[in-house]
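Here are a few friendly notes to read with the structure open beside you. Take them one at a time and try to find each feature yourself.

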Amino acid sequence: MTAPGPHSAVIGLEIHVQLLTSSKMFCGCAVTFGSPPNTLICPVCLGLPGALPVLNRRAVEFGLTTALALGCTVHSRSQFHRKNYYYPDLPKNYQISQYQYSGHPPLATAGFLEVAGAAGSFRVGIRRVHLEEDTARLVHPDSDPLHSLVDYNRSGVPLMEVVTEPDLRSPTEAREFLNALRRLLVHAGVTTGRMEEGTLRCDANLSLQCPGGPPGTRTEVKNMNSVRSVERALAYEADRQRKVLEHGEPVRQETRHWDERRGVTFGSRSKEEAEDYRYFPEPDLVPIAVSPAMLEQIRAALPELPAARVGRFVAQYGLSPYDANLLTASPAMARFFEETVALYAHPKAVANRLVGEVSAYLNERGSEINATPLTPARLASLLRLVEGGTLSGRAAKEVLLEALERGAEPEAVVEARGLSQISDREELARVVDAVIARNPGPAAEIRAGKERAIAFMVGQVMKATQGRASPEATNRLLRERLGL
């Protein structure tokens with residue numbers, strides 16, 4: 001039992017990543033999210049007697065891609081094992097997985113990921129990257145609390161597990177690492193990274209440590225379905241363990257589940273160790289042999305990864321690191337930015353629009369830019385209209401919304417809705433004179449040298465023209481008419 005005192009968290013993560021293959025790990029069944037239950041199944045993924053697995057080569061290639069992106073040591077030979085346990089969603093009563101066991105290494109070990117956190121960069125060691133098959137999915141109908149249903153569509157879907165060293169020291173660091181890893185995996189093209197679809201799932205091990213002492217007893221936390229849930233669950237669990245120790249009681253080694261609605265973890269079962277699973281080599285699969293030529297081919301095909309892309313955006317386009325980070329948050333956004341700049345060579349203006357209104361629109365709807373009808377050509381057209389003085393900033397936002405929601409062409413929207421900015425001096429002067437006549441008080445303040453009132457008068461002109469007046473021309477005319 002650890003004595004009461006100042007404790008720091010020691011956290012390691014196990015991230016299960018659904019790989020972006022078209023078929024399952026050991027059979028030809030399709031991998032499609034949202035299909036009707038039990039329609040993507042065969043004797044292999046149902047674990048029927050006599051059915052034999054055949055390894056999906058593409059899943060191995062994705063695992064190797066990840067290992068290289070994380071700087072891991074790839075082993076020339078790795079072995080699948082049977083991980084034996086009973087659970088209703090496991091039809092064979094064992095899972096085909098990999099483990100560093102009896103001299104048989106997993107696919108890759110000893111990597112790292114450098115994370116640019118809010119409080120500074122930190123490095124997290126990667127213990128191993130290994131491959132395995134997913135289980136089926138249990139469904140618990142609200143209408144029938146006494147029974148559970150099993151959907152075998154997910155059974156046998158290719159998974160890759162990324163296991164970290166216990167290098168994380170706070171729930172915030174865990175969140176930052178998980179965001180960085182998801183971003184890297186999506187850029188590498190190995191997964192969609194959509195936690196809401198279960199393509200990226202995270203289990204966390206947490207213990208408390210006194211300064212200078214060894215880590216205490218750890219607990220494993222499961223059932224966290226978002227990055228925010230991971231941070232919240234770990235914060236709760238660290239606080240729970242501190243209170244246990246403060247009461248002079250030992251922390252039990254166990255698996256706990258996160259209840260999102262109540263915001264608490266609760267005990268599920270005693271934590272298993274490796275020997276509890278009775279690992280032994282999978283007799284129906286030969287070892288994976290990775291040749292130097294295969295590894296070099298995958299290394300040569302590695303796409304530009306997030307850190308390199310951020311550095312290039314800063315150097316090539318003159319962007320701030322902040323903007324470059326936001327624009328490389330997803331491969332789709334990074335491509336959209338560069339394709340737009342190729343059509344409208346003002347990177348900062350393109351970045352401002354994408355980081356501002358476009359990102360706000362996407363975040364509100366939980367969408368990606370490639371899921372909207374907005375195209376680089378339409379955004380470039382909008383920016384040219386603003387630069388040429390045809391559109392005011394306010395009107396540009398209206399036109400952009402039309403392009404995002406309907407795929408409307410900016411020029412057509414401007415013409416159909418009469419949104420062209422009023423820049424004609426005579427036309428604008430008539431509006432300015434009328435606004436001055438209607439607002440003698442603010443006009444007198446401006447003549448007396450109180451220039452703060454100019455903003456009010458500009459606003460009145462914008463209101464009178466429904467946002468079509470040029471703010472710059474309006475400001476100049478007001479000053480001229482009021483003798484400044």
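1. In what order do the strands of the open three-stranded sheet run? Keep in mind that this is a predicted model. The order is β5-β4-β15, and the pairing is antiparallel. β5 (94–97) and β15 (280–281) each have a single partner strand and stand at the edges, so one side of each is left without a neighbour in the sheet.

2. Now look at how β4 and β15 meet. β4 covers residues 81–84 and pairs with β15 in the antiparallel sense over two bridges.

3. Next, the nonpolar cores. The largest has 66 residues, and those touching the most other members are Leu13, Ile15, Leu64, Leu70, Leu131, Met160 and Phe177. Helix α2 (residues 171–188) gives this core its largest share, eight residues. A second, separate core has 36 residues, among them Ala324, Phe337, Leu362 and Leu404.

4. Finally, how many disulfides does a search of the whole structure find? The count is zero. Cys27 is buried, at 14% relative accessible area, and the closest cysteine sulfur to its own, in Cys42, is 3.7 Å away, too far for a bond. Cys202 is also buried, at 1%; its sulfur lies 17 Å from the closest cysteine sulfur, in Cys72, again too far for a bond.

Technical notes:
Residues numbered from 1 in each chain as written. Predicted model: local features only at pLDDT ≥ 70, side-chain atom pairs only at ≥ 80, totals over all residues. Heavy atoms only, no water. Pairing = 2+ DSSP bridges. Helix = DSSP H or I, 4+ residues; strand = E, 2+ residues; numbered from the N terminus. Core = buried A, V, L, I, M, F, W, Y, C linked by side-chain atoms within 4.5 Å. Buried < 20%, exposed > 50% of the residue type's maximum accessible area, 1.4 Å probe, protein only. Disulfide = S-S within 2.5 Å.
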